Amino acid sequence: MKFDVILLAAGKSVRMGMNKMILPVSGEVILERALEAFLGISGIEKIIIAVSEEIKKGAKEIASRHHSCEIMLVEGGNCREESVYNCLKHVDANGVLIHDGARPFVSTKLIKEVMEGVEEKGSCVPGLPITDSIRRVDDGLIVGVGNRNKYWSVQTPQGYVFSELSFAFENMKNSGKSFKDFTDESEIYLSYVKEPYIIPGEKKNRKITDLGDLTGINSRIGSGYDIHVLTSGRKLIICGMEIDFELGCLAHSDGDVGIHALIDALLSASGELDIGSHFPDSDVKYSGIDSTIMLSEVIDILTQKNHRINNVSITILLEKPKIQDYIPLMRVKLANLLKIPYTDIAISAKTAEGLGDIGESKAIAAYAMVILT
Ligand code: MG
C-alpha cells in the first residue's frame with residue numbers, strides 16, 4: 001500500500017502567541033523536524049503540507065531542502081479539518097497519513113506501525129491512555145466525574161484508506177455539518193464510516209502548543225569565566241554597578257568581570273565565538289567601553305538567532321569589598337538589559353578565604369552559567 005502524507009502547518013498558534021511552526025527545536029524549525037520524520041520511509045510517495053499565508057515562504061524554503069520525495073504546499077483552511085479537506089484533493093495514493101506539524105518528535109517506528117495498521121484494519125490512530133483523573137468543569141467548579149479507563153488522548157499520524165476517509169469527508173459536508181464541528185479525522189471517520197482502529201502512541205510524540213512544551217527540549221547551556229587584575233586608579237564595576245572601593249579592574253574595557261563572564265556564557269550557549277572574538281581588545285573602539293553596551297550587542301545576536309534567555313547564574317569571586325548590598329541592584333540592572341525578570345538572575349559572591357591572588361585582593365574573577373531556550 002502506498003501513502004501520501006498530509007502535514008498540517010496552517011494553524012494560527014493562538015495558544016503560543018507566535019507561529020510555532022517556525023520555532024527552532026534543536027537547531028531546526030518544528031515544521032522541518034516533523035517533515036523529516038516522514039522522509040525516507042518506504043511506501044510514502046508524497047508529502048502535502050497545509051500552510052498559512054504567514055509561513056508559506058518559510059515552508060517553501062524547507063521543502064526546497066529535501067528531495068527524497070515529492071513535497072507540495074497547499075493553502076490551509078480556516079480550521080484543521082478544512083485544511084485536511086483541501087489537501088485530500090491532492091492525494092493520489094490509496095492510503096493517507098495525516099500528521100500535526102506541531103508534533104516534531106514522532107518516531108519512524110510509530111509512523112510504520114500506523115501504516116501497518118491501515119494495511120491490516122483500514123484505519124489506524126495512535127493514542128495514549130489517560131493517566132490523570134478526568135473531571136468535568138463548569139464555571140470554575142468540578143461538576144462531574146469521568147472514567148479515565150474509558151478515554152484515550154489521540155495523537156497523529158492518523159492513517160486511513162484514502163477512499164474511506166474521502167467518503168467520510170464528503171458525507172460530512174453533505175450532511176450539513178461544518179468542518180469546525182470536528183476536532184480531528186478520527187471523529188469524522190467514526191461518524192461516517194466506522195470505529196477507527198487505535199494503537200498505543202508515544203509520550204514523546206507530544207504536540208507543541210505553548211512555549212512550556214519546549215522547556216528542556218530546546219535548551220542550550222553555556223558557561224563563562226573571567227578574571228581581572230585589581231589595580232589602583234580604576235573604578236570597580238561589577239555587573240554594571242560601580243562599587244565603592246580603592247581598587248578597580250585593569251582591562252581594555254571597564255573591566256566588569258561579571259558581565260564579561262555572562263557574555264561568554266551567552267555566546268557559548270548560542271554556539272558563537274567568545275567575547276575576545278566579538279570585541280577584540282586590539283580594537284580601539286572598545287577601549288574603556290561600558291560592558292553593558294557589549295552585553296546589549298550580544299543580546300541582539302541572540303535575538304536574531306531566536307534564542308531566549310531562561311535564567312542566568314553568576315558567581316563573583318573577590319576577597320573584598322563586601323558586595324552583598326549591591327546584588328539586588330545588579331539583578332535589576334541585568335534584568336533590564338536581558339529583558340527577563342530579575343528573579344531569573346542569580347548573583348552570589350564568594351571570598352577565596354585569603355588564598356591565592358583572589359584571596360590577596362590582587363584579582364577578581366567571575367563564573368556565569370546561562371540556559372537559553
Ligand atoms: Mg574581562
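A search of the whole structure, which is a predicted model, finds six aromatic pairs, where rings of Phe, Tyr and Trp (its six-membered ring) pair if their centres lie within 6.5 Å, and planes under 30 degrees apart count as stacked, over 60 as edge-to-face and the rest as tilted. One of them is the pair of Y85 and F169, which is stacked, with 6.2 Å from centre to centre and 25° between the planes. Y85 lies in helix α3 (residues 80–88) and F169 in helix α5 (residues 162–174), so this pair ties together parts that are 84 residues apart in sequence. Helices (H or I, at least four residues) and strands (E, at least two) are DSSP runs, numbered from the N terminus. Both Y85 and F169 are buried, a word that here stands for under 20% relative accessible area, while exposed stands for over 50% and partly exposed for anything in between (1.4 Å probe, protein chains only). Ring pairs also link Y85, F169 and F179 into a cluster.

Let me say a word on how to read these values. Residues are numbered from 1 along each chain as its sequence is written, and side-chain values use heavy atoms, with hydrogens and water left out. Because this is a predicted model, local features need pLDDT of at least 70 and side-chain atom pairs count only at pLDDT 80 or more, whereas totals for chains, interfaces and linings use all residues.

Now to the sheet. Five strands form an open sheet in the order β16-β13-β19-β17-β18, with mixed pairing, and two strands are said to pair if DSSP finds at least two bridges between them. Its edge strands are β16 (247–249) and β18 (345–350), each of which pairs on one side only. Neighbouring strands of this sheet are turned by 20° against each other on average, direction ignored; axes are lines fitted to C-alpha atoms, for helices over the stretch in contact, and angles run from 0 to 180 degrees between N-to-C directions.

Within the sheet, strand β13 (residues 220–232) and strand β19 (residues 363–372) pair in the antiparallel sense over 10 bridges, and I227 has A365 in β19 as its bridge partner. Helix α7 (residues 257–269) packs on the sheet, where it touches β13, β17 (309–317) and β19, and its direction makes about 155° with that of β13. Contact here means heavy atoms within 4.5 Å.

Leaving aside its neighbours within four places in sequence, S232 is in contact with E246 and L247. By contrast, S232 and S163 are 69 residues apart in sequence and 83 Å apart in space, C-alpha to C-alpha.

Finally, the whole chain. The secondary structure of the protein chain comes to 11 helices and 19 strands. The C-alpha atoms fill a box of roughly 85 × 50 × 35 Å, taken along the principal axes. A compact globule of 373 residues would have a radius of gyration near 21 Å, but the protein chain has 28 Å; this radius is taken over C-alpha atoms, and the globule rule is 2.2 Å times the number of residues to the power 0.38. Of the 373 residues, 50% count as buried. Among contacts between residues at least 6 apart in sequence, 74% join residues at least 24 apart.
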